[in-house]
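Subject: Structure for your review

Dear colleague,

Please find below the structure that I am handing over to you.

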Amino acid sequence: PYSSIYLKDEPSTIEYMFIHYPKTDNIQQPIKLENTKDSYRGSSLIDRPEALKELKDKGIQTVIALDWGGDYYKEQVENTGMKYFRFNMTDFGTKQKENLDTFTDIIGNMKEDNFYIGCMLGSNVTSEFLNMADYFINPNNCNDLSDISTLANVENILENMTPEQKKRMKLTEEDEAALLKRIDTEYANWI
């Protein structure tokens with residue numbers, strides 16, 4: 001018969017993470033991404049509505065959640081008057097239109113609004129997303145440190161984007177040509 005993998009009254013994995021990981025108060029970490037406005041990165045603020053208000057008071061207009069935030073987090077963000085986007089990085093490699101739509105809307109928004117971006121802890125997943133976003137926001141900046149999977153994801157996105165998605169992302173023909181050159185240059189660095 002089925003029995004829980006948890007001891008009686010033991011928290012689930014997600015509950016365990018909230019109980020045992022320290023609350024990271026890292027909303028003061030500015031993002032140094034060229035061609036974006038004053039923005040911040042950090043951990044999910046799903047359980048900290050007072051921090052969302054603080055972000056709003058700092059001029060943040062958009063919250064980008066890179067985790068499982070869901071409707072509750074969306075409601076909290078929108079109740080402060082900010083826009084909310086959610087993007088699950090585990091779905092990133094797929095070619096589904098919905099994922100590309102969300103990604104292109106986020107990048108277009110990052111180019112215009114002050115934003116706050118974060119995953120559960122505000123570290124690895126957030127860094128990975130910002131690294132990919134940099135290709136589309138700053139297509140002329142060649143980065144010798146990019147990993148091969150990031151290059152493959154960026155190339156996959158570019159190949160599958162529709163003209164309408166490129167327009168929403170504010171990706172000009174010049175930007176696209178520069179991005180293709182950047183991808184080729186960085187692939188050559190791996191050979």
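The notes below go from the chain as a whole to its helices and then to some single residues.

Please bear in mind throughout that this is a predicted model.

**The chain as a whole**

The chain holds eight helices and five strands. Read from the N terminus, their order is α-β-β-α-β-α-β-α-β-α-α-α-α. Of its 191 residues, 45% count as buried. Among the contacts with a separation of 6 or more, 66% join residues 24 or more positions apart.

Which residues of helix α2 are buried? In this helix, which spans residues 49-57, they are A51, L52 and L55. Seen down the axis of α2, these residues fall within an arc of 105 degrees, so they line one face of the helix. The face of α2 turned away from the buried side carries E50 and D57, both exposed. As for partners, the buried residues of α2 pack against β3 (62-65), α3 (70-79) and β5 (115-119). Just after α2 comes G59, with a positive phi of about 95 degrees.

Helix α3 can be described in the same terms. Its buried residues are Y73, Q76 and V77. Viewed down the axis of α3, they lie within an arc of 95 degrees and therefore line one face of the helix. D71 and N79, on the other side of α3, are exposed. The buried residues of α3 pack against α2, β3 and β4. A glycine follows this helix: G81, whose phi is positive, near 95 degrees.

**Helix α6 and its two partners**

Two packed helices are described by the angle between their axes and the distance between the axes. Both values are given here for the pairs that involve α6.

Helix α5 covers residues 124-137 and helix α6 covers residues 148-160; their axes come within 10 Å and cross at roughly 45 degrees. An angle of 35 degrees or less would be needed to approach the parallel class, whose limit is under 35 degrees, and perpendicular begins at 65; α5 and α6 are therefore oblique to each other. Their crossing is right-handed. On the α5 side the contact involves N131, M132, Y135 and F136, which meet T150, L151, N153, V154, I157 and L158 of α6. By type, the residues of this contact divide into seven nonpolar, three polar and no charged.

The second pair is α6 with helix α8, which spans residues 173-190; the two pack at an angle of about 150 degrees, with their axes 11 Å apart. That angle makes α6 roughly antiparallel to α8. The crossing of α6 with α8 is left-handed. From α6 the contact draws on I148, L151, A152, V154, E155 and L158, and from α8 on E176, L179, L180, I183, E186, Y187 and W190. The residues of this contact divide into ten nonpolar, no polar and three charged.

L151, V154 and L158 of α6 are named in the contact with α5 and again in the contact with α8.

**Single residues in loops**

Is F87 buried or exposed? F87 sits in the loop between β4 (83-86) and α4 (97-110). Its relative accessibility is 3%, and because buried means under 20%, F87 counts as buried. F87 and T102 are 15 residues apart in sequence, and their C-alpha atoms are 6.9 Å apart in space.

T162 lies in the loop between α6 and α7. With a relative accessible area of 34%, T162 is partly exposed. T162 and D101 are 61 residues apart in sequence and 9.4 Å apart in space, C-alpha to C-alpha.

K170 is placed in the loop between α7 (163-169) and α8. Although K170 is not a glycine, it has a positive phi of about 65 degrees. At 35% relative accessibility, K170 counts as partly exposed.

With kind regards

How values were computed: Residues are numbered from 1 along each chain as its sequence is written. This is a predicted model: local features need pLDDT of at least 70, side-chain atom pairs count only at pLDDT 80 or more; totals for chains, interfaces and linings use all residues. Side-chain values use heavy atoms; hydrogens and water are left out. Buried means under 20% relative accessible area, exposed over 50%, partly exposed in between (1.4 Å probe, protein chains only). Helices (H or I, at least four residues) and strands (E, at least two) are DSSP runs, numbered from the N terminus. The arc is that of the directions from the helix axis to the C-beta atoms. Contact means heavy atoms within 4.5 Å. Axes are lines fitted to C-alpha atoms, for helices over the stretch in contact, and angles run from 0 to 180 degrees between N-to-C directions. Angles under 35 degrees count as roughly parallel, over 145 as roughly antiparallel, 65 to 115 as roughly perpendicular and the rest as oblique. A crossing is left-handed if the near helix is turned anticlockwise from the far one by less than a right angle, and right-handed if clockwise. Ala, Val, Leu, Ile, Met, Phe, Trp, Tyr, Cys and Pro count as nonpolar, Asp, Glu, Lys and Arg as charged, and the others, Gly among them, as polar.
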